[in-house]
Amino acid sequence: MATVGDQLKEPEVGWRRYDDTHIGLKYTGTWTTPSPSNTGYYGGSIRVTSRAVDNNYVTFSFFGTKLRVISDFYEHRHSDNAITIDGVTETYSAFRAVGSPSLQQSIVYEKTGLPLAFHTVTIATGHNRINFTLDAIDIDETGYLSGYALTAPETGWRRHDNKDSKLTYTGTWGTWVSTSYYSGEVTASNVVGSKAKFVFKGTKLRIIDERHTNRSKVSKVTIDGVSEVLENYGAQLQQTLAYEKTGLVDDVHYVEVEIMDANYVGIDAIDIDDTGYLLAQVGQQLTAPK
């Protein structure tokens, strides 16, 4: 098993990697991407701060239990970078002895043993050398980045709107209309026990909702009888990735979203495999064969 200081060009078994270019990583301050691309970096690129200045940081949220920061060790890199996970701050170093060559795609920081939950991360650049770099991050293989806008399905995914006739809503649900929502509206509820149900054929699922401070932190998604937390609490942002599940068996799956407290859960859309499909259930109108 690799440890901090090791070069790691691909994620180990049990981990998945997100490149520095992923839309779930939000950069604040002055950042650059060196050109031309460099095959020594993961995906051919790396994000760099131009100088040791204040207010350069990157933030992201993820669901999982562990995190690795992938970057390069080099003589110009800070040794006093600050990483804050759920309000707890630590420092880490990417400095390598003067005169030593750069060691690219290396583990510069690792945190394991976090509770299986949503975590908020901020990485702030240090000040005691020249600059800071970020090449990628690794998290649990079954985890995912969350809380970022995804206004269209990514390659390999297909989107179904909240109004799709194969989605069933029970209990009390309302509809909110805005051009900021996918196809112009979102279906949401804050009534405990209300449920949204659907059945799909495929291997993966995403739920798209509006992130808001009125969103629940404790509601749940149940797939084939196995439940996980659904949380989309935070600063308002429409069409965000609220939940993701990948690695399912390529088969039929039964999904239920249940309201667990007096805060809202919304269904703006759902994404599944681009080769998958939703299935009609008994009692639903089916105007044409599928």
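How do the residues of the lining of the largest cavity divide into nonpolar, polar and charged? I looked this up and found five nonpolar, three polar and three charged. The classes I used count Ala, Val, Leu, Ile, Met, Phe, Trp, Tyr, Cys and Pro as nonpolar, Asp, Glu, Lys and Arg as charged, and the others, Gly among them, as polar.

**Basis**

I am working on a predicted model, in which local features need pLDDT of at least 70 and side-chain atom pairs count only at pLDDT 80 or more, while totals for chains, interfaces and linings use all residues. Residues are numbered from 1 along each chain as its sequence is written, and side-chain values use heavy atoms, with hydrogens and water left out.

**Cavities**

I searched for cavities of 30 Å³ or more, and the structure holds two. A cavity here is a set of points, on a 1 Å grid over the protein atoms alone, where a 1.4 Å probe fits but cannot get out; lining residues have an atom within 4 Å of a point. Grid points are joined across faces, edges and corners, and a volume is the space filled by probe spheres set on the points.

I noted a volume of about 60 Å³ for the largest cavity. Its lining consists of Ile-207, Asp-209, Arg-215, Ser-216, Leu-230, Glu-231, Asn-232, Ala-242, Tyr-264, Val-265 and Gly-266. Strand E19 (205–211) and strand E24 (265–267) are the elements that give two or more residues to this lining. Strands (E, at least two residues) and helices (H or I, at least four) are DSSP runs, numbered from the N terminus.

The second largest cavity has a volume of about 40 Å³. I listed Ser-71, Arg-77, His-78, Asn-81, Tyr-92, Ala-94, Val-108, Asn-131, Phe-132 and Thr-133 as its lining. They divide into four nonpolar, five polar and one charged.

**Whole chain**

I counted the elements of the protein chain: zero helices and 26 strands. The radius of gyration is 21 Å, close to the 19 Å that the globule rule gives for 290 residues, so the chain is as compact as a globular protein of that length. That radius is taken over C-alpha atoms, and the rule is 2.2 Å times the number of residues to the power 0.38. I also took the span of the C-alpha trace along its principal axes, about 70 × 35 × 35 Å.

Of the 290 residues, 48% count as buried. Buried means under 20% relative accessible area, exposed over 50%, and partly exposed in between (1.4 Å probe, protein chains only). Among contacts (heavy atoms within 4.5 Å) with a separation of 6 or more, 77% join residues 24 or more positions apart.

**Strand pairing**

I traced an open sheet of three strands in the order E3-E4-E11, with antiparallel pairing. Strand E3 (31–32) and strand E11 (133–134) stand at the edges with a single partner strand each, so one side of each has no neighbour in the sheet. Val-48 stands opposite Thr-133 in E11.

I then followed strand E10 (residues 117–124), which pairs with strand E5 (residues 57–64) in the antiparallel sense over eight bridges. Val-58 has Ile-123 in E10 as its bridge partner. Strand E7 (residues 81–85) is also antiparallel to E10, over four bridges, and Thr-84 is bridged to Thr-122 in E10.

Is Asp-135 buried or exposed? I found Asp-135 buried, at 0% relative accessibility, in the loop between E11 and strand E12 (136–140). Beyond four places in sequence, its contacts include Asp-19, Asp-20, Tyr-41 and Gln-105. Asp-135 and Gly-43 are 92 residues apart along the chain, with their C-alpha atoms separated by 8.5 Å.

I checked Asp-19 next; Asp-19 lies in strand E1 (residues 15–19) and is buried at 15% relative accessible area. Its contacts beyond four places include Leu-25, Tyr-42 and Asp-135.

**Positive phi**

Most residues other than glycine have a negative phi. I noted Asp-86 with a positive phi of about 55°, in the loop between E7 and strand E8 (88–92). Asp-86 is partly exposed at 42%. Asp-224 also has a positive phi of about 55° and sits in the loop between strand E20 (219–223) and strand E21 (226–230). Asp-224 counts as partly exposed at 40% relative accessibility.

How values were computed: On a 1 Å grid over the protein atoms alone, a cavity is a set of points where a 1.4 Å probe fits but cannot get out, and a pocket is an open set with protein on both sides within 12 Å along at least five of seven lines; lining residues have an atom within 4 Å of a point. Two strands pair if DSSP finds at least two bridges between them.
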